[in-house]
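Please keep the sequence and the 3D view open while reading.

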Amino acid sequence: MNSSPWSSSSLISHPSISLSLSLPIPPSLSLSDCSGQDEQFSLVFTVTSFMNNFLTLPNGFIFDRFGTMATRLLGICLYTTGTLMVAFSSSALSMLLFPALSFIAVGGILFLITNIQVGNLFGSHRSTIITLYNGAFDSSSAVFLIIKVMHEGGVSLRSSFLILSVCSVIHLLRTFFLMPNTHIPYPLPEGFTYGVSPGKSNSYNVEESEKTPAETDDMPLQPDDGQQSEDSGKVASFRSCVQSGFFLWHLVWLSVMQLRHYLFIGTLNPMLNRLADNDSALVSQYTNAFAFTQLCGVLCAPWNGLIMDRHKGKPLAPGETDKEADLRSSSLSLFLTSLQCLLFSICASSPLLPLQYLTFILQVLNRSFLYGGNAAFVSIAFPGVHFGKLYGLVMSLSAVVSLLQYPCFALVKGALGGDPFYVNIALTLLTLLAFIHPINIFYHCRKLTNQREDMAGGAAITLAEAKM
C-alpha cells in the first residue's frame with residue numbers, strides 16, 4: 001500500500017451520497033494493509049448516510065414552512081461549505097471529511113426535495129418526472145467518478161472541488177430565476193406562473209389552495225380518517241396522515257428493503273473476497289462492475305414513473321377521482337419493487353460468484369424503483385401541503401430501522417465467522433413484509449370500486465321504482 005495521504009481510493013455507494021474518489025487519510029493509518037483506511041471510510045459512510053436520511057425530517061418541515069427559495073438557499077450554503085471543506089482538507093485535517101460529506105449529502109437532499117415538485121408541472125407525466133429526479137440523484141456518483149479519473153490524470157482534488165464550489169452559482173441562478181418562492185401546487189391552478197414573469201408574482205400558497213373543496217382528492221384515501229376529512233371539505237391533518245395505514249405500511253415497505261440494500265453494500269467486499277478465494281484481481285473485476293452499474297439508476301428510475309403514469313389520459317370510471325386512479329396505478333409499481341427486492345436478495349444470498357453480476361443489475365434496478373417510488377407514492381397518497389414533512393419522516397424513521405445493519409454486521413463478523421448466508425436468508429424472509437403494502441392498496445382501491453358500483457346499482461333501482 002502506498003503511504004501517500006492522497007493515494008487511497010474509496011468506493012462508497014449509497015442512494016444519497018455515492019463517492020468514488022481519492023480521499024485524504026491520516027498518516028497514522030498508513031499501514032501495511034488497508035484495514036484502518038477501510039474502517040475510516042466505513043465510518044464516514046455511516047455518519048453521512050445516517051445524517052442524510054435522519055435530517056430529511058427537519059428539512060421537510062423547512063420546505064413546507066418556508067418554501068422553495070429558503071430551502072434551496074440553505075441547501076446551497078451546506079453544499080458549498082462541504083465542497084470547500086473537502087477542497088482544503090489534507091492528511092492532517094482528514095477529520096474534516098465527516099462534516100464535509102455530511103454537508104454535501106444534506107445539501108443534496110434539500111435540492112432533491114425542492115426538485116420533486118417540478119413533476120407537478122407535467123400533469124400526465126408527473127410520476128415519471130419525480131422518479132427521473134430520484135434516478136439522477138441516485139446516479140450522482142458519476143460526478144465523483146469523473147473527479148477520481150481526473151485526479152488519476154493529474155488534476156488535484158482541491159481544484160476539482162473548487163470547481164464544484166463555483167458551480168453553486170448555477171444553483172443560485174436557478175433558485176432566483178427558474179423556481180417559485182414557495183411551492184408548485186398540484187393540480188396546477190389557472191394562471192399559475194413560476195420563474196421570471198414580468199409583472200407577475202411567481203409565488204403561490206399551496207396550503208391555501210388545498211384548503212378549498214376542489215382539492216379534497218388530495219386526502220390520503222383511507223376509509224376512516226381520510227374519508228371524514230374529504231366529506232367535510234378539509235385537508236387531512238399531518239397527524240391523521242402519519243397514523244393512517246398507508247403511511248405505516250409504506251414505512252415498513254421502505255425500511256425492510258432499504259435495510260436489505262445497506263447490508264448488501266456493507267458486506268459486499270468481504271463476500272466477494274470469500275467467493276473469489278481472495279483473488280484480488282477477480283475481486284477488483286467484480287467491484288468495478290458493481291461501481292459502473294451504480295451509475296445506471298437514472299436510466300432505470302423513469303421506467304417506474306411510466307408504470308405509475310400508465311393510466312393518465314384514459315377516461316376515469318364513473319365517480320372515480322384522479323387521486324384514486326393514481327393510487328390504483330401505484331399498487332403495481334410497489335408490487336414490482338417488492339418482487340425485484342426479493343429476487344435481488346435471493347441472488348445476493350447465493351454462493352455462486354458469476355451470479356453476482358445479475359445481483360448487481362437487480363440491486364441498482366430495485367434501488368432506483370425504491371427511492372423514486374417512495375417519493376412518488378408520498379406525493380400521490382397524501383396532501384401536498386404535508387409532502388415535505390411526510391417524506392422527511394418516512395426517510396428519518398427508515399434511517400433508524402437501518403441501524404439494525406450494525407448488529408447484523410457484528411453477528412456476521414463474530415458468531416457466523418464472516419459468512420453472511422444465514423443473515424441473508426433472514427433478510428430475504430423479512431422482505432416478504434414489503435408485499436403487504438401493495439396488496440393493501442390494491443384491496444382498498446377494489447373496495448372503493450365496489451362501493452361505487454353498489455351506489456350506482458342502488459340509484460338505478462330507486463330510479464326504476466320511481467318510474468313505476
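A residue is called buried if its relative accessible area is under 20%, exposed if over 50%, and partly exposed in between, computed with a 1.4 Å probe on protein chains only. T428 is buried, because its relative accessible area is 11%. This is a predicted model, in which local features need pLDDT of at least 70 and side-chain atom pairs count only at pLDDT 80 or more, while totals for chains, interfaces and linings use all residues. Residues are numbered from 1 along each chain as its sequence is written, and side-chain values use heavy atoms, with hydrogens and water left out.

The protein has 468 residues, and 52% of them are buried. Its secondary structure consists of 19 helices and 2 strands; these are DSSP runs numbered from the N terminus, with helices being H or I runs of at least four residues and strands being E runs of at least two. Contact here means heavy atoms within 4.5 Å. Among contacts between residues at least 6 apart in sequence, 76% join residues at least 24 apart.

T428 sits in helix α18, which covers residues 421-430. The side chain of T428 reaches the backbone oxygen of N424 at 2.7 Å. Apart from neighbours within four places in sequence, T428 is in contact with L342, S345, I346 and S349.

T175 counts as buried because its relative accessibility is 0%. Its side chain makes a polar contact of 2.8 Å with the side chain of R72. A polar contact is a pair of N or O atoms within 3.5 Å; within protein, one must be able to donate a hydrogen and the other to accept it, and residues adjacent in sequence count only if both atoms are side-chain atoms. If neighbours within four places in sequence are set aside, T175 is in contact with M69, R72 and I76.

Which helix packs with α7 at an angle of about 175°? Helix α2, residues 56-87, does so, and the two axes are 10 Å apart. The angle makes α2 roughly antiparallel to α7. On the α2 side the contact is made by M69, R72, L73, I76, Y79 and T80, and on the α7 side by S168, H171, L172, R174, T175 and F176. These residues divide into 6 nonpolar, 4 polar and 2 charged. In this count Ala, Val, Leu, Ile, Met, Phe, Trp, Tyr, Cys and Pro are nonpolar, Asp, Glu, Lys and Arg are charged, and the others, Gly among them, are polar. Axes are lines fitted to C-alpha atoms, for helices over the stretch in contact, and angles run from 0 to 180 degrees between N-to-C directions. Angles under 35 degrees count as roughly parallel, over 145 as roughly antiparallel, 65 to 115 as roughly perpendicular and the rest as oblique.

Helix α3 contains F111, which counts as buried because its relative accessibility is 10%. Residues up to four places away in sequence aside, F111 touches R72, G75, I76, Y79 and H171. F111 and G75 are 36 residues apart in sequence, and their C-alpha atoms are 6.3 Å apart.

The largest nonpolar core has 55 residues, of which F264, L272, L327, F377, F382 and Y391 touch the most other members. A nonpolar core is a set of buried Ala, Val, Leu, Ile, Met, Phe, Trp, Tyr and Cys residues joined through side-chain atoms within 4.5 Å. Helices that each supply at least two residues of this core include α11 (245-275), α14 (322-349) and α19 (436-467). The most comes from α11, with 14 residues. A second, separate core has 16 residues, among them V44, V86, L101 and F144.

I441 is in α19 and is buried, because its relative accessible area is 0%. Not counting residues up to four places away in sequence, I441 touches F246, L327, S330, S331, L334 and F377. The C-alpha atoms of I441 and L332 are 9.5 Å apart, and the two residues are separated by 109 residues along the chain.

The last stop is a loop. Most residues other than glycine have a negative phi. D277, which is not a glycine, has a positive phi of about 55°, and D277 lies in the loop between α11 and α12. D277 counts as exposed because its relative accessibility is 66%. N278 is in the loop between α11 and α12, and has a positive phi near 60°. N278 counts as exposed because its relative accessibility is 58%.
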